[in-house]
Amino acid sequence: MSRKREEMRRAILSCLEESSTDKLRQCLQDFHPADIAEVLPQASLGQQIRVLRVLDPDRAAQVIFELDHEKLPTLMECLGLQRTVDILNAMFTDDAADLLGDLPGDLRQRLLGLMEAQEARDLKDLLAYGRETAGGIMTTEYVAVQKNITAGQAIEVLREHAPEAETIYYVYVVDNENHLVGVLSLRELILADPGMLIEDIMRRKVISVNVSTDQEEVARLVAKYDLLAVPVVSDGGELLGIVTVDDILDVVEREATEDMMRMAATIDSEGEDPDTSPLKRALRRLPWLVGLLLGELVAGHVIEGFSETLGHITALAFFMTAIAGGTGNAATQSLTVVVRGIATGEVDPGQILKVIWKEAQVGVWVGAVCGLVVGILAFIWQDSTSLGLVVGGALALSIGVSTILGSLVPVIIHRLGVDPALASGPFITTLMDVSSMSIYFTLATIILLR
């Protein structure tokens, strides 16, 4: 932790010691809600409740949304349901829906029952969508205007509704049946002649997503077109809400974390958070680890098949770990690049040959350099040109093969409908051990025992 962050942490904790409510409120007003949320878990439950009661609902909403959602039920029960409802009302609907979605069903229903009918209805509609779809992450607080009004009238609509909207960078245009027909930026609206009709200045080609579109696809669109928000429409083209860039950042972070944890086999195929129970975590990882052990037995069988070669040239054993480790590292690098590319849409699974060819070229260069270095070391150590050729050649070939397999395996797994982040890592590790040992001892047998 940096010195500045440590000083801020101490300052916030010092504020919590204030006995006067007014002094506590005044002490906290200069701190960002995210900083308060970062420090709050270090305080007692009583202090946490006190902070959330003295802050105005808007700031309290920002703080509570940043807290660990698993601990919120207890916090909300102690805070009081009515105060919790006030805080939820201060949130944008997408944030409130995310928070409610993480709460136990009975607590969620009690909170919804205390909210205003329209607000509760909006939240129930959002909660009905899949959590990883555009509908699940959209907000219903946006600005839309009719296409048949003037720019001047649209600005008046904006003044009236902007305070409740999450963002006003884009003004969406709808017809009488609320179908999305156009969009214009706030800049375009302000600079337009006040008497011009909206339909004459709007852009008719609108980048939008269906309510059931996967959140990763939404993130790709936002990144591709540099959008600050993207509209969400129904199957019939009705405007339902918007997904803002801050929600997209959350999606990117969450998906990246899930992919890393899947590659480590620490979460299941549904992307659920790891259970806090050590036993359940162990059971989740065991199938992959047992599978790897069985695969390594195959690699061991390969080595056993070349026991005669190993018996004649014991120096071969010294380089086994370098061969296996080097190829495994190279395969993992290619694997990471391709898995990330598939996740972000940068790698098209339909262009397999292009992906493999690019990684193969990388493998040739990396293999040649690594093979040359290790081959020279083997020659110097044993004063044997043949051993240098075996070790260097085997490493160069194995790395070349590993980069090809590292790029091919996740593409094939993706085509089979399996998440490549979940299955590629464990599979490629065993595959490379088997292939690298086969190449190594085959070369040794051909060159050293000819």
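**Loop residues with positive phi**

D383 is located in the loop that joins α20 (352-382) to α21 (385-415), where helices (H or I, at least four residues) and strands (E, at least two) are DSSP runs numbered from the N terminus. The model is a predicted one, in which local features need pLDDT of at least 70, side-chain atom pairs count only at pLDDT 80 or more, and totals for chains, interfaces and linings use all residues. Residues are numbered from 1 along each chain as its sequence is written, and side-chain values use heavy atoms, with hydrogens and water left out.

- D383 is not a glycine, yet its phi is positive, at about 50°.
- With a relative accessible area of 62%, D383 is exposed; the classes are buried under 20% relative accessible area, exposed over 50% and partly exposed in between, for a 1.4 Å probe and protein chains only.
- N178, also a residue other than glycine, has a positive phi near 65°.
- N178 sits in the loop between β2 (170-174) and β3 (180-185), and its relative accessibility of 23% makes it partly exposed.
- As background, most residues other than glycine have a negative phi.

**Overall composition**

- The protein contains 22 helices and six strands.
- Of its 450 residues, 43% are buried.
- Among contacts (heavy atoms within 4.5 Å) between residues at least 6 apart in sequence, 67% join residues at least 24 apart.

**Helix pair α6 and α9**

- The axes of helix α6 (residues 72-79) and helix α9 (residues 105-114) come within 11 Å and cross at roughly 40°; axes are lines fitted to C-alpha atoms, for helices over the stretch in contact, and angles run from 0 to 180 degrees between N-to-C directions.
- This angle makes α6 oblique to α9, given that angles under 35 degrees count as roughly parallel, over 145 as roughly antiparallel, 65 to 115 as roughly perpendicular and the rest as oblique.
- The crossing of α6 with α9 is left-handed, a term for a near helix turned anticlockwise from the far one by less than a right angle, with right-handed used if it is turned clockwise.
- P73, M76 and E77 of α6 form the contact with L107, R110 and L111 of α9.
- In terms of class, four nonpolar, no polar and two charged residues take part in the contact of α6 with α9; Ala, Val, Leu, Ile, Met, Phe, Trp, Tyr, Cys and Pro count as nonpolar, Asp, Glu, Lys and Arg as charged, and the others, Gly among them, as polar.

**Helix pair α8 and α10**

- α8 packs against helix α10 (residues 117-128) at an angle of about 65°, and their axes are 9 Å apart.
- The two helices, α8 and α10, are therefore roughly perpendicular to each other, and their crossing is right-handed.
- On the α8 side, T93, D94, A96, A97, L100 and G101 meet E119, L123, L126 and L127 of α10.
- The contact of α8 with α10 comprises six nonpolar, two polar and two charged residues.

**Buried residues of α5**

- Helix α5 (residues 57-66) has R59, A60, A61, V63, I64 and F65 as its buried residues.
- The cover over these buried residues of α5 includes α2 (21-28), α3 (33-39), α4 (45-54), α6, α7 (81-90) and α8 (93-101).

- A219 belongs to helix α15 (residues 215-225) and is buried, with a relative accessible area of 11%.
- A219 and I248 are 29 residues apart along the chain, and their C-alpha atoms are separated by 5.6 Å.
- Not counting residues up to four places away in sequence, A219 touches I248, V251 and V252.
- I155, in helix α12 (residues 151-161), counts as partly exposed at 23% relative accessibility.
- I155 contacts L189 and I190 when its neighbours within four places in sequence are left aside.
- From I155 to I190 the C-alpha distance is 7.6 Å, across 35 residues in sequence.

**Aromatic pair**

- One aromatic pair is counted under the rule that rings of Phe, Tyr and Trp (its six-membered ring) pair if their centres lie within 6.5 Å, with planes under 30 degrees apart taken as stacked, over 60 as edge-to-face and the rest as tilted.
- The ring centres of Y170 and Y172 are 6.4 Å apart and their planes stand at 55°, so the pair is tilted.
- Y170 and Y172 are both buried.
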